[in-house]
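Subject: Structure handover

Hello,

Here is the structure you were waiting for. My notes follow below it.

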Amino acid sequence: MAGPPPVSAPNAVPDLPVILVADDSLLEQRYVGRLLDQHGGWRVVFARSGEEALAAITKSQPALLLTDMNMTGMDGLTLVEKVREQFARVPVVLMTGSGSERVAVAALKAGAADYVAKQSLAHDLIPVLDRVLSVGQAAHRRYQVLQGMTRRSSQYVIESDPLLVPPLVAQFREDLIEMGLCDLTGATRAGIAIEEALLNAIYHGNLEVSSDLRENGDEEFHKLARERRGTEPYSARRVRVTARLTPARAVFVVLDQGPGFDITKLPDPTDPSFIERASGRGVLLMRAFMDEVRYNTTGNRVTLVKRRDRSSRDD
């Protein structure tokens with residue numbers, strides 16, 4: 001029987017970001033390796049267990065750790081906790097299989113940056129890794145040059161254009177780091193939560209596009225969104241964002257001009273099936289990465305609260 005893939009990929013380019021894949025299944029390692037090779041912008045190395053992954057990170061920290069949830073010995077949840085404790089600047093993305101949804105929620109709360117369901121790897125893995133790596137690298141550069149502040153407040157009014165979301169989220173991540181509220185991983189996680197809130201306000205609030213359209217792919221969802229951005233009354237609507245940061249906490253308020261929704265019908269994110277539904281991912285990430293998530297009674301305003309991380313208080 002053939003042995004596991006080598007720890008270092010052959011003919012690797014040393015300047016490329018390194019992704020460490022932890023999985024005790026040789027078959028799954030090969031499948032994930034093929035998906036990552038299609039991207040071409042990373043150097044991929046493998047670990048056959050959580051213990052081996054920790055040893056590899058100790059020797060040389062990767063840009064990102066991609067780990068299976070269910071492994072013999074140290075499982076993915078324990079690995080997330082140890083990486084968060086020992087190597088806070090290494091973001092972790094989980095691969096979740098059927099039946100591990102509740103553990104995935106716990107791992108997100110323990111410090112994972114994001115997750116990908118195994119049945120969706122071919123479609124979702126590359127975009128998720130791209131997002132986590134890009135926000136982490138941007139935050140790292142800012143972390144090296146910025147110093148803390150005592151207070152920061154800002155207000156924005158943006159059009160219902162999703163292309164405006166990444167630069168605004170990047171600004172908020174920088175604010176969190178400057179204020180000393182969290183480390184790089186914490187800022188990445190908070191940024192993902194804010195991004196989800198903004199995209200929900202644009203797509204579901206102002207443009208009134210339902211997540212149900214995504215059940216059979218994203219084409220119809222984005223087609224309707226493009227049409228409504230040029231049609232009244234949707235095109236005139238704006239998203240208002242207020243951010244207030246102190247050394248103790250950050251409060252982000254996202255208000256759209258849509259009709260809102262019945263917040264009593266918001267699905268329970270602890271439901272095992274919730275993590276895999278197209279309509280559940282954003283709310284799950286917001287609640288996992290923020291200390292508080294509150295909606296107004298109309299459902300067109302969400303308040304996200306991020307308290308200062310304990311690791312930042314101990315610095």
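Val254 sits opposite Val302 of β10. Strands β8 (residues 249-255) and β10 (residues 301-307) pair in the antiparallel sense, over seven bridges. Keep in mind that this is a predicted model.

The sheet around that pair

β8 and β10 belong to an open sheet of five strands. The order is β6-β7-β8-β10-β9, and the pairing is antiparallel. Which strands are at the edges? They are β6 (152-159) and β9 (292-295), each of which pairs on one side only. On average, neighbouring strands of this sheet are turned by 10° against each other, direction ignored.

Helices on the sheet

Two helices are worth a look here. Helix α7 (residues 184-206) lies across β6, β7 (238-245), β8 and β10. Its direction runs at about 155° to β7. Helix α9 (residues 281-289) also packs on the sheet, where it touches β9 and β10. The direction of α9 makes about 130° with that of β9.

How do α7 and α9 pack? Their angle is about 145°, and their axes are 8 Å apart. The crossing of α7 and α9 is left-handed. On the α7 side, the contact is made by Arg189, Ile192, Ala193, Glu196, Ala197 and Asn200. On the α9 side, it is made by Gly282, Leu285, Met286, Ala288 and Phe289.

The annotated aspartate

Now to Asp68. An unreviewed UniProt entry carries the annotation "modified residue: 4-aspartylphosphate" for Asp68. This comes from the record. In the model, Asp68 lies in strand β3 (residues 64-68). Is Asp68 buried or exposed? Its relative accessibility is 3%, so Asp68 counts as buried; the cut-off for buried is under 20%.

Which residues does Asp68 touch? Leaving out residues up to four places away in sequence, they are Ala22, Asp23, Glu28, Gly76, Met95 and Lys118.

One side of α3

Gly76, one of the contacts of Asp68, is also among the buried residues of helix α3 (residues 76-86). The buried residues of α3 are Gly76, Leu77, Leu79, Val80 and Val83. They cover an arc of only 160° around the axis, so they are on the same side of α3.

Best wishes

Note on methods: Residues numbered from 1 in each chain as written. Predicted model: local features only at pLDDT ≥ 70, side-chain atom pairs only at ≥ 80, totals over all residues. Heavy atoms only, no water. UniProt positions renumbered as here; feature names shortened; annotations may be inferred. Helix = DSSP H or I, 4+ residues; strand = E, 2+ residues; numbered from the N terminus. Buried < 20%, exposed > 50% of the residue type's maximum accessible area, 1.4 Å probe, protein only. Contact = heavy atoms within 4.5 Å. Pairing = 2+ DSSP bridges. Axes fitted to C-alpha atoms, helices over the stretch in contact; angles between N-to-C directions. Arc of directions from axis to C-beta. Left-handed = near helix turned anticlockwise from the far one by under 90°.
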